[in-house]
Amino acid sequence: MTVLVMTGLDAPYTLQLTISNATYWVICAGAIGGAVALYFARGWMGALGTLGFARAIVGSLAIAVIAAIVAGTLIEPAGGTIYAPLLMVSAFIAKPWIAAIWFAGTLGGHYLMASVQENQDYGYTPPTGRLATEELSALSRANLYRRN
């Protein structure tokens with residue numbers, strides 16, 4: 001998404017874009033910006049029900065703006081912080097398919113976070129920090145898994 005917004009090209013032409021170190025940095029900055037944005041807006045995502053879906057829409061807007069600010073700052077510290085959110089909004093208006101892909105991805109993440117939350121609400125929690133041998137009896141552990 002960052003490359004599409006940054007280059008201002010339509011989909012078929014971005015495949016002909018020459019890959020340089022700057023392009024790799026734009027991709028990495030976009031990934032870092034998205035991760036930071038999802039971390040900061042995680043409270044908006046993953047809630048159940050209709051209100052949770054409405055919160056996810058607001059959260060996906062917040063994620064888009066925060067990701068643009070962080071990626072813009074990483075790409076070009078002086079002007080990127082200010083112009084990256086403006087470029088993102090103008091790209092979403094000019095090419096609605098970019099906005100549709102963005103919102104599909106973030107709402108898909110919301111759905112996955114909501115399913116994890118639902119599993120936790122019903123009492124299913126995956127075992128964490130436990131060894132597989134802890135399910136065995138003490139006698140089985142002593143006989144089969146001796147420590148030398």
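User: Leaving aside its neighbours within four places in sequence, which residues is His110 in contact with?

Analyst: Bearing in mind that this is a predicted model, His110 is in contact with Met45, Gly46, Ala47, Gly52, Phe53 and Ala56 once its neighbours within four places in sequence are set aside. His110 itself lies in helix H6, and Met45 sits 65 residues from His110 in sequence, although the two are 5.2 Å apart in space, C-alpha to C-alpha.

User: Is His110 buried or exposed?

Analyst: His110 counts as buried, because its relative accessibility is 7%, and the cut-off for that class is under 20%.

User: OK, and which residues of H4 and H6 meet?

Analyst: On the H4 side the residues are Gly52, Phe53, Ala56, Ile57, Ser60, Leu61, Ile63, Ala64 and Ala67, and on the H6 side they meet Trp102, Phe103, Thr106, Leu107 and His110. By class, the residues of this contact of H4 with H6 divide into 10 nonpolar, 4 polar and no charged.

User: At what angle do those two helices pack?

Analyst: Helix H4, which spans residues 49-75, and helix H6, which spans residues 96-121, pack at an angle of about 125 degrees, and their axes are 10 Å apart. The two helices are therefore oblique to each other, since 65 to 115 degrees would count as roughly perpendicular and over 145 as roughly antiparallel. The crossing in which H4 passes H6 is right-handed.

User: What about H5 and H6, how do their axes cross?

Analyst: The axes of H5 and H6 come within 5 Å and cross at roughly 110 degrees, which means that H5 is roughly perpendicular to H6. In this contact Phe92, Ile93 and Ala94 of H5 meet Pro96, Ile98, Ala99 and Trp102 of H6, and by class there are 7 nonpolar residues, with no polar and no charged ones.

User: Switching to Thr81, where does that one lie?

Analyst: Thr81 lies in helix H5, which covers residues 80-94. With a relative accessible area of 31%, Thr81 is partly exposed, because that class falls between the 20% limit for buried and the 50% limit for exposed.

User: And which residues is Thr81 in contact with, leaving aside its neighbours within four places in sequence?

Analyst: With those neighbours left aside, Thr81 is in contact with Ile69, Gly72, Thr73 and Glu76. One of these, Ile69, is 12 residues from Thr81 in sequence and 5.1 Å away in space, C-alpha to C-alpha.

User: Which side chain joins that of Thr81 in a polar contact?

Analyst: The side chain of Thr73 does, through a polar contact of 2.7 Å with the side chain of Thr81.

User: Zooming out, how many helices and strands does the chain have?

Analyst: The protein chain has 7 helices and 0 strands, so that, read from the N terminus on, its elements run α-α-α-α-α-α-α. Of its 148 residues, 25% are buried.

User: What share of the contacts join residues at least 24 apart?

Analyst: Among contacts between residues at least 6 apart in sequence, 63% join residues at least 24 apart.

How values were computed: Residues are numbered from 1 along each chain as its sequence is written. This is a predicted model: local features need pLDDT of at least 70, side-chain atom pairs count only at pLDDT 80 or more; totals for chains, interfaces and linings use all residues. Side-chain values use heavy atoms; hydrogens and water are left out. Axes are lines fitted to C-alpha atoms, for helices over the stretch in contact, and angles run from 0 to 180 degrees between N-to-C directions. Helices (H or I, at least four residues) and strands (E, at least two) are DSSP runs, numbered from the N terminus. Angles under 35 degrees count as roughly parallel, over 145 as roughly antiparallel, 65 to 115 as roughly perpendicular and the rest as oblique. A crossing is left-handed if the near helix is turned anticlockwise from the far one by less than a right angle, and right-handed if clockwise. Contact means heavy atoms within 4.5 Å. Ala, Val, Leu, Ile, Met, Phe, Trp, Tyr, Cys and Pro count as nonpolar, Asp, Glu, Lys and Arg as charged, and the others, Gly among them, as polar. Buried means under 20% relative accessible area, exposed over 50%, partly exposed in between (1.4 Å probe, protein chains only). A polar contact is a pair of N or O atoms within 3.5 Å; within protein, one must be able to donate a hydrogen and the other to accept it, and residues adjacent in sequence count only if both atoms are side-chain atoms.
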